[in-house]
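Colleague: Please take a close look at one part of this model, the salt bridges, and set the strand pairing beside them. I would like the residues by name.

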Amino acid sequence: MSNFDGKVNQVILSTDKDRKFEKNVVIVSDKKEFEILLYMLEGNVYFDESSKSAEIKRWKQEISDINKIKLSFLDKSKILLALGKIYPEENDLNKRETLSIEDLHKTNQEDIMVSKVLSEQTGKISKYVGSPTHTQEIVLDHINSEHVEAILLTEMCRQAAIATVVSEFTNDSQFYISEEFKKYEHLVQRDKEVIIQTFLVHGKGGMIICLFSLFQNDSRCVLGYFLGIQREER
């Protein structure tokens, strides 16, 4: 193995499944996922070049320019899985930027559930942190004390997606969602913060897919995406 000094947030790409429980090691399933991870992290990765991970060295040699990697909506399943393999670090939460009602097209600041994380070495991935129950606009007639309801998690992820679109364009950008997908993997506790990571893929005619992964307590809890169109408000 080379090009790794053990610092926080550094990601090692490997195909050696024996390393799947090692911190910061991402097990890559095939060349397409390797390309997605390189593009997503803007090449800020390290490579396992041991004999058990020979494919990594070969794929690395076959890619001459990361900027020439193209992703499309057809890749959304693979992109989503790749995004879900990038686990956020707790120290990422130290630097936060409060989002405004203009950023999220809200009326009340109290209904904003997420803050933007100002993190290093994230590449093209945006990060947000938030409280699953910090909202007054969603009123539930039944509250489960053991986990957060799906409607609250969906709103958090939607806010993170809108903030991501706005940060790439302008505050006047509207994101009209036409399709959404969510996969729930672990329950989310009410009294602890979550981290949401997002990644945008652009299509034709203003079409955008915003993929997201939600983590809590080092567990991946939700994977999903919002597909829609971006338009400037007139």
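Modeller: Two strands pair if DSSP finds at least two bridges between them; helices (H or I, at least four residues) and strands (E, at least two) are DSSP runs, numbered from the N terminus. The model is predicted, with local features needing pLDDT of at least 70 and side-chain atom pairs counting only at pLDDT 80 or more, while totals for chains, interfaces and linings use all residues. Residues are numbered from 1 along each chain as its sequence is written, and side-chain values use heavy atoms, with hydrogens and water left out.

Strand 5 (residues 114-117) is joined to strand 6 (residues 126-130) by 3 bridges, and the two run antiparallel. Strand 5 also pairs with strand 4 (residues 96-97), in the antiparallel sense and over 2 bridges. Lys-116 of strand 5 has Glu-97 opposite, and Lys-116 also stands opposite Tyr-128 in strand 6.

Now the salt bridges. A salt bridge here is a side-chain nitrogen of Lys or Arg within 4 Å of a carboxyl oxygen of Asp or Glu. The structure holds 17 of them.

One of these is between Lys-52 and Asp-18, with 3.3 Å between the closest N and O atoms. This pair links distant parts of the chain, 34 residues apart: Lys-52 lies in the loop between strand 3 (45-47) and helix 2 (54-62), and Asp-18 in the loop between strand 1 (11-14) and strand 2 (25-27). For accessibility, buried means under 20% relative accessible area, exposed over 50%, and partly exposed in between, using a 1.4 Å probe and protein chains only. Lys-52 is exposed at 53%, and Asp-18 is exposed at 61%.

Another salt bridge joins the side chains of Arg-158 and Glu-155, at 2.9 Å from N to O. Both residues are in helix 5 (residues 150-168). Because they are 3 residues apart there, about one helical turn separates them. Arg-158 is partly exposed, with a relative accessible area of 27%, whereas Glu-155 is buried at 10%.

Glu-180 and Lys-182 also form a salt bridge, their closest N and O atoms being 2.5 Å apart. Glu-180 is partly exposed, with a relative accessible area of 42%, and Lys-182 is partly exposed at 23%.

Finally, salt bridges also form a network, which links Arg-19, Glu-22 and Asp-48.
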